Structures are given as C-alpha cells and as structure tokens.
Amino acid sequence: MRGVSFEVGQGELFGLLGPNGAGKTTTIKMLITLLLPTSGGASVLGYDVVTEPREVRRRIGYVFGGDRGLYERVPAIDNLRYFAELYGVPARDQRRRIDEMLDLVGLRGRENERVEGYSRGMRQRLHIARGLLHDPSVVFLDEPTIGVDPVGARDLRATIDSLRQAGKTVLLTTHYMFEADALCDRIAVIAKGSLLAEGTPQQLKSRVADRTVVEIEAYGVEEASLERLRRIEEVTSVSVEERDQSQLLLVQSAAGLEITQRLLAELNGARVGRVASREPTLEDAYVALVTEAGG
Amino acid sequence: MSPGRTLRLLWVGWRFHLANLTQSGFFVLVSAVQPVIFATIAFYMWRSGQREGTLLAVALGAGLMGMWSSTLFGSGGAIQFQRWHGTLEVLIAAPAPFILTLLPITIATASLGLYSVAGTLAWGWLLFGMPVDIVHPGAFAVALPAAVLSLGLLGLVLASTFVLYRSASAFSNLLEYPVWLVTGLLVPVSLLPGFVEPLSWVLAPTWGVKAIRRAALGGDPWPAVGMCLLLGCIYLVVGAFTLRNFERLARAQATLSLT
C-alpha cells in the first residue's frame with residue numbers, strides 16, 4: 001500500500017473497490033490487526049491497530065468470502081458456541097446471541113447439521129453469524145458474496161443492509177459494482193496499492209457523466225482490434241468482459257459523439273452481435289478510473 | 001482475563017477440538033488403530049522373548065506410543081492445519097490471547113491418546129487374557145491426565161516451533177520412532193547408550209509412562225507425576241515465548257493465510 005488514507009464515519013457503510021491485487025484485502029487485514037504495516041498507521045474506534053490489537057479485536061467483526069474458515073466436521077451450532085467463547089461473549093448471553101444470529105442469517109433449523117454439508121451460501125451466512133456473535137461496533141466484510149448464487153447473494157445483501165440499519169459501521173470490499181452502488185454510503189477505489197478516488201456512488205458516477213458507453217457483443221475480437229479502438233481519439237477507455245462464447249466490449253467516449261460506425265469499422269474480421277449505447281454506471285466510472293490509472 | 005474465564009475458554013476449546021479431531025479418519029487411525037497393531041506385535045515379542053515385566057506394562061507403553069503419535073502429528077501440525085482450513089486468521093483475530101486458543105488444541109491432540117490407552121488395555125484383556133488390575137487406581141486417575149497435560153504442553157512447543165519451518169512435517173515423521181525408544185515406551189531406557197538418558201529426562205512421555213506404569217503396577221508414581229507437571233510448566237513458558245514470536249513474525253510477513 002502507498003499513501004492510502006481514508007476515514008469511515010460511525011454508522012457508515014463504506015465500500016473498498018479495486019481490481020485483483022489492488023490491496024483491498026491487505027488494507028482490511030491491516031485494519032483488523034492481522035498484518036503489520038511497514039510504515040504509516042491506522043486506528044479503529046480510536047485504538048491503534050499496531051500497538052493496541054486486543055482493544056481493536058474486541059470491538060470488530062471480520063467476515064471473509066469463500067468456504068474456508070469454519071470447522072467442517074462439526075455442526076454449525078458447535079462452531080458458533082466455540083467462537084462465542086473465543087470472542088468473549090459472556091456465558092449467560094451465548095444462547096440468546098446464537099439464536100439471534102441464526103435468525104438474522106436464516107440458518108434456524110439447520111444449525112445441528114455438520115458444516116461440510118452446507119452450500120457455499122449457507123457457509124457464507126454462517127461466517128456472518130460468527131463475525132457478529134460478539135455484537136461488534138465495526139464489521140469488516142471482505143467479498144462476502146463471492147461465489148454465492150444470485151438468490152443467496154441477494155439475501156446476503158439484505159443482511160448487510162440490516163447491519164447498517166442496526167447502526168453498525170461496515171467496511172465492505174466487493175467486485176460487484178451493483179452491490180457497492182446499492183449498499184454503500186461512500187466508496188474508495190484503489191489500484192496497485194494507491195487510492196484513486198473516494199466519494200458517494202453518485203459522486204463517482206458523476207466523474208463519467210459526460211461520457212457515453214457503447215456496448216458491443218462480439219465474437220473473436222483480437223488484441224490488435226482492441227488496440228485500434230483504444231487509438232481512436234474520442235475513445236476514453238475500452239474494456240472487455242469475456243463470456244462463454246462471446247466478448248462484451250465496453251467502449252467509453254465523450255457524450256454526444258456518434259462513433260459507433262467507426263468502432264464497428266475497426267472490428268473488421270470479428271463477428272458482431274448486439275450493439276447498444278447507454279448512460280454510464282458506477283461500473284463504468286470504476287473501469288474509467290482503473291483504466292486511466294493503468295490498472 | 002479472569003482465571004474463571006480463562007479456565008472456561010480452555011475447557012470449551014478442549015471439548016470442541018477433541019470432538020473435531022475424533023471426526024478425522026487420520027487421527028482415529030493414529031490414536032486408536034495404530035497402537036493396537038503395535039500392542040499386538042509387542043505382546044508377541046514379550047511372550048516369545050520371555051522379557052521382564054508384565055503384559056500390562058507392555059500395553060500401557062503401546063498406549064503411550066499412540067498418545068505421543070497423536071500429539072506429535074496433531075500438535076506439530078496444529079497451526080498449519082488451521083492455516084489450511086482458513087481458521088488461523090479467525091483464531092488470531094479473536095480477542096482471546098492466542099496461547100489460550102492453541103493450548104486446548106494441543107491438549108486435545110494429546111487427549112486422543114486416551115483412546116490409545118483404553119484401546120490397548122481392552123485389546124490385551126480381550127485377546128491375550130491380560131488382567132487389568134490397577135494397583136493404585138486413585139494415582140492412576142491422576143497420572144493419566146498428568147501425562148496428557150504434559151504431552152499437550154509439549155505439543156504447544158512443537159506447534160509454535162514447527163510452524164516456522166517448511167520441512168516440519170518431515171521432521172515430525174523423524175521424531176516419532178526415536179521418541180518411542182528414548183522415552184522408554186518400547187524398551188527400558190537403561191538398555192540404551194548412556195547419553196540417551198539425559199535426553200529422556202526433558203521429554204514428557206518418559207515421566208508420563210513412568211507415572212502410569214507405577215500407578216498401575218505398583219511403586220511410587222508421585223515423583224514422575226511431579227516431573228510431568230514441572231516439565232509442563234517449562235513447556236508452557238517456552239511455548240508462550242515462541243508463540244508470541246510466531247504471531248509477531250506472521251503479522252509482519254503476512255503468513256497467517258495461504259492467500
């Protein structure tokens with residue numbers, strides 16, 4: 001990380017966005033005291049993450065994506081009882097807190113099953129229950145919906161939203177822009193360890209409000225064709241989403257210019273399907289930021 | 001952290017990890033099946049060799065062999081196992097001191113050895129007609145947990161030092177048989193070269209098997225029980241030091257997770 005600096009207000013849901021390797025997880029791990037920064041500093045609720053790790057750990061919850069991080073061979077309820085003890089939940093409160101968490105994440109009735117039989121979405125919900133057992137003031141969520149099916153991800157987003165309503169401060173990393181747009185009060189975009197932009201989703205979107213986006217569904221586009229697109233003077237960024245059989249080209253340019261025919265002309269040799277023009281989204285703002293930073 | 005809360009954390013952690021470990025095929029093999037196989041071989045060797053001692057002494061030695069194996073592999077790899085399962089970060093990020101999190105794990109791995117002891121005694125009684133007459137049942141009931149505790153604390157040292165070395169798993173394999181020999185689980189230490197004896201004094205299984213055998217067969221088990229507890233205290237101090245070192249290094253070098 002190089003010079004990344006941001007503040008998150010109490011009760012705020014703050015998003016940290018960036019491509020793979022940008023430093024999102026590294027930032028979170030420094031804040032939750034799992035990594036020591038080589039220089040600089042950070043504090044959570046006024047406690048220094050380097051010199052006061054125990055004070056920080058008492059007050060935070062940490063939930064990461066993926067299906068590891070749980071004891072698979074024992075039932076979910078035993079996992080929760082163990083972590084309740086480890087995270088300092090008083091014995092007299094443990095049963096009530098575990099029941100509340102099971103209700104919150106919708107695992108009531110499945111708690112006596114071994115975790116190894118859980119789906120990825122259920123494991124993710126169990127992670128959230130584990131991370132909230134001790135009622136932390138600040139919750140760190142590192143790509144919590146990664147690999148979860150659409151219905152499960154929607155339920156998880158509802159759970160995350162309920163954390164904000166409960167007054168928790170949340171720091172969320174995600175690759176899904178619509179998720180960040182829907183959930184976050186403010187967002188920071190980082191790439192290659194540096195902070196590129198910070199603001200509300202609306203403020204970030206306004207950075208590309210003067211642009212238009214042309215979506216081109218194509219087949220067999222080669223890198224040379226993409227380079228030709230990037231060299232068009234009016235084009236500000238070109239990104240490609242690889243799909244099963246096709247590619248989706250997202251070409252940003254200044255609004256009000258009609259360049260679709262020139263774009264198609266540069267794609268000679270490639271088969272072209274649907275072509276559409278639309279207003280920029282948060283994802284386009286993100287792509288523009290990361291592309292311009294060379295990320 | 002209050003003493004009551006510390007004890008509760010150790011108790012809950014021990015129960016949880018023991019339940020988790022007993023669901024593992026590997027540890028069932030190491031702690032229950034392997035000692036019975038070794039006990040069978042040892043029984044036949046004892047019978048044909050007309051060696052001194054009793055069948056019960058052989059069974060208890062084989063049981064402690066299983067206890068050492070489960071401690072060595074379970075505790076030696078404890079931190080690495082947690083890292084593979086992605087739980088190490090969750091354990092470190094907890095407000096509880098890491099030593100109070102790891103200690104129940106290593107004691108649980110040693111506790112698996114109780115299956116070994118029970119298994120070899122039952123096996124000897126059923127197949128070889130071995131009488132299971134414990135001379136000092138009260139002392140036996142103290143000696144057994146003392147042995148488990150001291151091995152579990154030795155496991156804490158193994159866990160916190162092995163994790164620093166990439167080739168630790170190969171080292172674990174190397175340590176299994178020599179410690180069986182050096183600590184008198186297989187043959188009396190007096191039969192081995194003289195330089196081995198001082199080495200045996202600092203290893204918990206030496207005193208664990210001595211305490212258990214004396215409680216079962218007759219003799220004064222209490223000095224050996226005392227040595228188990230004394231060594232346990234030393235292991236605890238060494239383990240606390242190496243563990244603190246591990247946690248600091250792992251946070252500085254980003255080695256808590258695999259990713």
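In the predicted model, chain B comprises 12 helices and 0 strands. Read from the N terminus, the order of its elements is accordingly α-α-α-α-α-α-α-α-α-α-α-α. The C-alpha atoms of chain B occupy a box of roughly 60 × 40 × 35 Å along the principal axes. Of the 259 residues in chain B, 47% are buried. Among contacts in chain B with a separation of 6 or more, 81% join residues 24 or more positions apart.

Within chain B, helix α3 (residues 55-76) packs against helix α6 (residues 98-111), with an angle of about 150° and axes 7 Å apart. Because angles over 145 degrees count as roughly antiparallel, α3(B) is roughly antiparallel to α6(B). The two helices, α3(B) and α6(B), cross in a right-handed sense. On the α3(B) side the contact is formed by M67(B), S70(B), T71(B), G74(B) and S75(B), and on the α6(B) side by T106(B), T109(B) and A110(B). By class, the residues of this contact between α3(B) and α6(B) comprise 6 polar, 2 nonpolar and no charged.

Chain B also touches chain A, in a contact that draws 23 residues from chain B and 21 residues from chain A. On the side of chain B that touches chain A, at least two residues each come from α1 (3-21), α5 (88-92) and α12 (222-253) of chain B. The most is given by α1(B), with 6 residues. The side of chain B that touches chain A divides into 13 nonpolar, 7 polar and 3 charged residues.

Definitions and conventions: Residues are numbered from 1 along each chain as its sequence is written. Chains are lettered from A and ligands numbered from 1 in the order in which they are written. This is a predicted model: local features need pLDDT of at least 70, side-chain atom pairs count only at pLDDT 80 or more; totals for chains, interfaces and linings use all residues. Axes are lines fitted to C-alpha atoms, for helices over the stretch in contact, and angles run from 0 to 180 degrees between N-to-C directions. Helices (H or I, at least four residues) and strands (E, at least two) are DSSP runs, numbered from the N terminus. Angles under 35 degrees count as roughly parallel, over 145 as roughly antiparallel, 65 to 115 as roughly perpendicular and the rest as oblique. A crossing is left-handed if the near helix is turned anticlockwise from the far one by less than a right angle, and right-handed if clockwise. Two residues are in contact if their C-beta atoms, placed from the backbone, lie within 7 Å. Ala, Val, Leu, Ile, Met, Phe, Trp, Tyr, Cys and Pro count as nonpolar, Asp, Glu, Lys and Arg as charged, and the others, Gly among them, as polar. A residue is buried if 20 or more other C-beta atoms lie within 10 Å of its own, exposed if 12 or fewer, and partly exposed in between; C-beta atoms are placed from the backbone.
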